[in-house]
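Here is a brief report on the structure shown next. Please look through the chains before reading on.

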Amino acid sequence: MSLWRYILGRLLTGVVTVWFIATATFVAMHAVPGDPLATDKAMSPELRAKLEAQYGLDQPLWQQYQRYIGAMLDGDFGVSFTQANRSVNDIIAEHFPVSASLGIASLLFAFFGALLTGLAAAWWRGRWPDTTIMIAVIAAISVPGFVLAALAQLAIVRFNAVWGSSLIPVAGWGTLSHIWIPAMVLGLGTMAYLSRLLRSSMIETGDAEYVLTARARGLGPWRIFWSHRLRNALLPVVTELGPAVAALTTGGFVVELVFGIPGMGRYFVQAVQQLDYTVIMGLTVFYGSFLVLVVLIVDISYGWIDPRIRIAGPGSGGGR
Amino acid sequence: MIPESTLSPAPAPAVSPDMTSKPARFGQWRLRLSAALLALLLFAVTFGAWLWPQDPAVQWLSAVNQGPSLGREVAWVDHSREPAWQPTPFAGEADIAVIEASTERVALQWRRDSAAQLYRISRRPAGDGESTGWMPLGTTQVPRFVDRLQLDTTVVEYRVQSMNDDRRETGVMQLTVQPQRAISLFEARLNGLIDAEQSPAPQARLTLPAHPLGTDALGRDLLARLLQGGQSSLLVGVSAPLLCMILGTLWGGIAALAGGRVDDWMMRVADFVIALPFLLFMILFRIAMGVGPGESGLLPMVLAMVLLGWPGPARLVRGQVLSLRTQPFVEAATLSGANKLWLLRVHLLPNVLPLLLVALSFAIPQAIFTEAFLSFIGMGVVAPTASWGSLCNEGVKTMLTEPAQLLWPALLISITVLAFNLLGDSLRDRMGLTTRD
């Protein structure tokens, strides 16, 4: 299968998935018993009718669905229920860049950190660096994210007290120094997971025949490690980057909450707690489409890197 | 003659101790450690709530945020009675005296100043010296005062300033007080320390129950809450992945056996279900089941995790069954007349089981984290019901002053997750599903 057919196939699947998410969200929201307009404030019938017309709740379901899909294709996600006159688009435009930069920073930290520790563990396999790194890795995946974030904040406070001045900001957003501790906290779990994956994948490549051939031709172990084994071993790690982005965007909720970062995750959790339906729906569809896009990009690049995947098909490729 | 040496058996080859491979020992250690940890946890969680007599919902408001103790002895104070004021005019060597000093109330009485119209009382912790300012407590026109504000056993200093009509200070008195631990009679009767009608002797000491891990911000025993929390967390953490596995196995097994278009469509459905947003459906299940914003709901959590999580095991099982289908033993069984159901039950499922066990060992920590996160944002279990996640939530709020309240549930979550991860690792290595370390 050529690269273009592969890309087209994945693109189509992506579009259908996004449509499915939007429809499922719509059906789910309207299948729930209860009234989205039920608030504590007493509402006069005229006001209620006006709000219903504004949100289109008085129309039959099929028309509401058409309106919903139409608005979404236009890029309009509606207006927030709890914050009048604040459109969901504004919320996304204001808060998503914050979450995105945090996510990218933590992904970079996770990937390069995993590269460092995974390769170190694979190179010195069986000896003390390997054991220490693997113990640290298992410990890192065992601690829940919010505890890690809270402990990191505690550590910053103590560090600032010892240092004398507020060198590292404890919370907030704006400068570069605000970003690196939350990014590390967020990326630690993913880094541990990728590190373990890289290490076992490197060990598997060690048994491959091309390594034996390279050795027989006289290449040194260092050169084989870097030029041959690493490239093959990186493939499973790259596949995992797609779900890793998923993990980072959902884990971002907690870090944003604890560190007071004005990102979309914190906003989403607030909307969930306040049952702000339009925001919940809009952000869910947005998140869903974003994830589909990222997985698509990763799959396409994986298909480009490793032609075997294109032939085998997207469903069975990438796994072991 | 044949030399005897040729008839005796050859000596056994020497086996050096190095030949015992290190990974095997490490693997054994992992399996044993994780199995021991899990057995301990399961025992503690199942029987702990019965064995430990404290009720996790009982609040001891006279003992909030306390450290570990094995049963303190405290005095008792009857708030419906006035302190034993000394008769006026105030007689005594000092100008000011302490009538009663306990964590329930501190009663001060002083000599009346004829020039004074008003007395202003303030307080500060002793020992901090000049760094902490005086906290004003109130003003009074009579030369006595009862302080009930946030008293604990640390030493405090009181200052009484007498003022005249022009708000000028005419005199000041200072006193250092060490309050002793006390409980109010009302609370003692309410929580069953003493009988409802009983009034103990004035100098009698009551014994508070033991709190090996201390109490939380509302005076509830932390150990009891952790044990109850373990029940919620592990219930959700184990049942949800288990149901996921069962559902996924059925779906994946049937899809793989059916093959062709049926297989295609079943897997498409699985792919779509994975794309569904988890948090949204969690909220919807909560609302659909009538769980209000401040209430606990374990069932919506489990339901959401199962209904949105089954495609993972389904894919796994499908892949495994597909590869097993082409094996010779399956062909032989089919030739001998086995139908699909027999194949599934007798041949395929037992071979899929190791894979499922490993997947389960990794899915349980994931479910525990998900439950902890949901309780953390208030979408799962809410106080006073405990779960390790909600305990972490409460602990984070007082993290800087009472770190123990955060560390204990976090430690328990980490240990549980660690044990399951180790178990999964060692199972995976034992069953040879990936290369050994």
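## The interface between the chains

Chain A and chain B bury about 3400 Å² between them, and carbon and sulfur atoms give 80% of that area. Buried area is the accessible area (1.4 Å probe) that two parts lose on being put together, summed over both. Contact, meaning heavy atoms within 4.5 Å, joins 39 residues of chain A to 35 residues of chain B. This is a predicted model: local features need pLDDT of at least 70, side-chain atom pairs count only at pLDDT 80 or more, and totals for chains, interfaces and linings use all residues. Residues are numbered from 1 along each chain as its sequence is written, chains are lettered from A and ligands numbered from 1 in the order in which they are written, and side-chain values use heavy atoms, with hydrogens and water left out.

Across this interface, the rule finds 1 residue pair in polar contact, both residues at pLDDT 80 or more. A polar contact is a pair of N or O atoms within 3.5 Å; within protein, one must be able to donate a hydrogen and the other to accept it, and residues adjacent in sequence count only if both atoms are side-chain atoms. On the side of chain A that touches chain B, the elements giving two or more residues include α5 (128-142), α7 (180-205) and α9 (221-259) of chain A. Helices here are DSSP runs of H or I, at least four residues, and strands are runs of E, at least two, numbered from the N terminus. The most comes from α1(A), with 8 residues. By class, this side of chain A has 28 nonpolar, 7 polar and 4 charged residues. Ala, Val, Leu, Ile, Met, Phe, Trp, Tyr, Cys and Pro count as nonpolar, Asp, Glu, Lys and Arg as charged, and the others, Gly among them, as polar.

## Salt bridges

A salt bridge is a side-chain nitrogen of Lys or Arg within 4 Å of a carboxyl oxygen of Asp or Glu. The whole structure has 12 salt bridges over all chains. Between chain A and chain B the count is 1. Arg196(A) pairs with Asp425(B), with the closest N and O atoms 2.8 Å apart.

Asp425(B) also forms a salt bridge with Arg30(B), where the closest N and O atoms are 3.9 Å apart. This pair links distant parts of the chain: Asp425(B) is in helix α12 (residues 404-430), Arg30(B) is in helix α2 (residues 22-51), and they are 395 residues apart.

## Two sheets in chain B

One open sheet has 3 strands in the order β2-β3-β6 (chain B), with antiparallel pairing. Two strands pair if DSSP finds at least two bridges between them. The edge strands are β2 (96-101) and β6 (144-147) of chain B. β2(B) and β3(B) pair over 5 bridges and form a hairpin with 4 residues between them. Glu100(B) has Ala107(B) as its bridge partner in β3(B).

Another open sheet has 4 strands in the order β5-β4-β7-β8 (chain B), also antiparallel. β5 (135-140) and β8 (169-177) of chain B each have a single partner strand, so one side of each lacks a neighbour in the sheet. β4(B) and β5(B) pair over 5 bridges. Tyr119(B) has Thr140(B) as its bridge partner in β5(B).
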